[in-house]
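Trainee: I'd like to learn how to read a model like this one, feature by feature. Could you walk me through it?

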Amino acid sequence: MYLKMNFLSKKRTLILYCYKHSRQKSDYFITTPIYYVNSAPHIGHLYTSLLADALYRHQLMQGKTSTVFSTGTDEHGTKIQQAATSNNIPLKKFCDKISQEFLKMNKMYDIKSTNFTRTTDLNHRSTVEAFWTKLIEKGHITLGSYEGWYCDADEAFLSDHQISIIKDNQGKDIKVSAESGRSVTWVEETNYKFNLPRFKEDLKYWVNQAKSIQPEKFRKIVLQWIDENGFADEPVSVSRPISRVHWAIPVPGDNTQTIYVWLDALVNYLTVIGYPQVRTWPPDVQIIGKDILKFHALYWPAFLIAADLEPPRSLLVHSHWTVDGEKMSKSKGNIVCPFESLQKYGVNAVRYFLLREGTPHSDSNYSNTKLLRVVNSELADTFGNLLSRCCGKTINPNQRFPSYIEDDFNEYCLESAKDLITLVDSLQDKVSQHYEELNFYKGIALIMQALREANRYFEYNRPWELRKSNETHDVLHLNSLLYLIMETLRVCSIVLMPIVPDLSTKLLNKLNIPLNERNWSNASPTWNIKKSNIISQELNKEKIILFKRIEQ
């Protein structure tokens, strides 16, 4: 159910209605923002895409095989004009160059997007024109004079609530954007305006829905913007004079204006589904950084409601990355390049570290020292070493994944390994819940807790001594121990698949787990099946080092 605001004779009337759009084309719909091509990708862009990729892989593992995962590049606006000019490269060629770098990043980090939208593509232009025309026809966009404080760097008009006064180097008062700290100037011009106040109550209704914006702190911020700061009380300028912003999509039927870069960019999510045909709508999850929350939590749902479309089911917002405790910036020269990180540490290390350390609710810190410590400790010493120990010929000369014998397991492991068994039993459900909320760091923490306990239990039982004994009870004990540890590795590898698919695949290959037994439904330990005839199987004979320690 949804609320729509109509204005009849200056009296507002709330009308309840329900949207019923089919999901014929996908089981699930995930988006990232489209990335602005004024500069090359950095670690923040990579993190956003990794969040989406991990969620996408998790959906596929649950059987949602036609899930849509869209991303792309935003290629219009003043900043693109300026960047191309400063690099002395023609505009389209500059956009092509940077857009290809984002595609390259996706390929190198094994990010499996199903759609890549460029705002300079003809099909996107057609979508924007159709959406604009719809808003015009419904009377939500009108031409008129517009005046206000304008931030060139942010390409946005700002209300008085969004302005701060600071001192410049000479001690004079200057006005800046309260959010970005960038300077603003007073602008008076003719352009098209979207009637945002008409949809203020709709916005509040949507924001108040469960999980509309996550984490909760960001939902509260948006409500404050609406209720206290008046962000939805003024019309939004949705065009620019072509004399000022020429690198943009022209307003249909008006060659003096171009469409505001943010309206253009947001419509990319509709380009993916082939608008004005409406299938696979709305998106289940739209992943964004906190710096673009205003556009996605205020403008975007209002635009959609105005066009008789349902807002996204959920915005999942993440915070930023600092580098060694400082904000990333060109001036500081501390921007982390994904390609350089890949060359130094490899795809598994970088994927794991970002998803392990990234906390959506608060800023995260990137540090080369910390990256090495985390991946060496957890991927090499904890995960990889456990595999090596139980597959080594000294302890496992027959190179087998032992069978599960219920009576033996109950005698030698059930009580002594109850902490480990409890942890592994919980992974399937608990990790899935954390992944669905984009709290990948919480899911990974649970997996590592289980693996550390498995290492401790393995060491405690001294399998090298059991191996030397010919006593029947020691042989049965060793087999039960190896089964328990390998089963723990199997389950952990499955639930780590969205995070480090390459490592998980290598481990599952080593255990000879069939490809059709690597889905989320297979992440329940087999000791819960309560059968005593699970047959042992040979290990893959290929010798592997799951994750080689990275030296400084």
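Trainee: Let me start with a side chain: which residue's side chain does the side chain of Thr120 join in a polar contact?

Mentor: Keep in mind that this is a predicted model. The partner is Glu75, and the polar contact between the two side chains is 2.8 Å. Thr120 itself sits in the loop between β6 (115–118) and α4.

Trainee: Is Thr120 buried or exposed?

Mentor: Buried, because its relative accessible area is 18% and the cut-off for buried is under 20%. Now look at who surrounds Thr120. Skipping neighbours within four places in sequence, Thr120 is in contact with Glu75, His76, Lys92 and Trp247.

Trainee: Let me try another loop residue. Where does His140 lie?

Mentor: In the loop between α4 (122–137) and β7 (141–151). His140 counts as buried because its relative accessibility is 8%. Its side chain reaches a backbone atom, the oxygen of Ala306, at 3.4 Å. Beyond neighbours within four places in sequence, the contacts of His140 are Leu135, Lys193, Phe194, Asn195, Arg198, Phe199 and Ala306.

Trainee: And what about a histidine in a helix: what does His477 touch?

Mentor: His477 is in helix α17, and it touches Tyr412, Asn461 and Leu466, if you ignore residues up to four places away in sequence. With a relative accessible area of 15%, His477 is buried too.

Trainee: Let's zoom out. How many helices and strands are in the protein chain?

Mentor: There are 18 helices and 23 strands. The chain has 552 residues, and buried residues make up 56% of them. Its C-alpha atoms fill a box of roughly 90 × 55 × 40 Å along the principal axes. For the fold as a whole, take contacts between residues at least 6 apart in sequence: 77% of those join residues at least 24 apart.

Trainee: How do I read two helices that pack together?

Mentor: The general idea is that you describe the pair by the angle between the axes and the distance between the axes.

Trainee: At what angle do α15 and α17 cross?

Mentor: Roughly 165°, with the axes of α15 (residues 440–460) and α17 (residues 472–496) coming within 10 Å. These two helices are therefore roughly antiparallel to each other, and their crossing is left-handed. The residues that meet include Ile447, Leu451 and Phe458 in α15, and Leu481, Ile485 and Cys492 in α17. By class, the contact of α15 with α17 has 15 nonpolar, one polar and no charged residues.

Trainee: Last topic, the backbone. What should I look for there?

Mentor: Most residues other than glycine have a negative phi, and most peptide bonds are trans, so exceptions deserve a look. Take cis bonds to begin with. The peptide bond from Gln214 to Pro215 is cis, with omega near -5°, and Pro215 lies in the loop between β12 (213–214) and α6 (216–227). The bond from Tyr275 to Pro276 is cis as well, with omega near 20°. Pro276 is in the loop between α8 (268–271) and β17 (285–289).

Trainee: And which value does phi of Asp308 come near?

Mentor: Near 65°, a positive value in a residue other than glycine. Asp308 is in the loop between α9 (293–306) and β18 (315–318), and it counts as partly exposed because its relative accessibility is 24%. Asn512 has a positive phi too, about 60°, although it is not a glycine. You'll find Asn512 in the loop between α18 (501–510) and β23 (537–538), partly exposed at a relative accessible area of 37%.

Methods:
Residues are numbered from 1 along each chain as its sequence is written. This is a predicted model: local features need pLDDT of at least 70, side-chain atom pairs count only at pLDDT 80 or more; totals for chains, interfaces and linings use all residues. Side-chain values use heavy atoms; hydrogens and water are left out. Helices (H or I, at least four residues) and strands (E, at least two) are DSSP runs, numbered from the N terminus. Buried means under 20% relative accessible area, exposed over 50%, partly exposed in between (1.4 Å probe, protein chains only). A polar contact is a pair of N or O atoms within 3.5 Å; within protein, one must be able to donate a hydrogen and the other to accept it, and residues adjacent in sequence count only if both atoms are side-chain atoms. Contact means heavy atoms within 4.5 Å. Axes are lines fitted to C-alpha atoms, for helices over the stretch in contact, and angles run from 0 to 180 degrees between N-to-C directions. Angles under 35 degrees count as roughly parallel, over 145 as roughly antiparallel, 65 to 115 as roughly perpendicular and the rest as oblique. A crossing is left-handed if the near helix is turned anticlockwise from the far one by less than a right angle, and right-handed if clockwise. Ala, Val, Leu, Ile, Met, Phe, Trp, Tyr, Cys and Pro count as nonpolar, Asp, Glu, Lys and Arg as charged, and the others, Gly among them, as polar.
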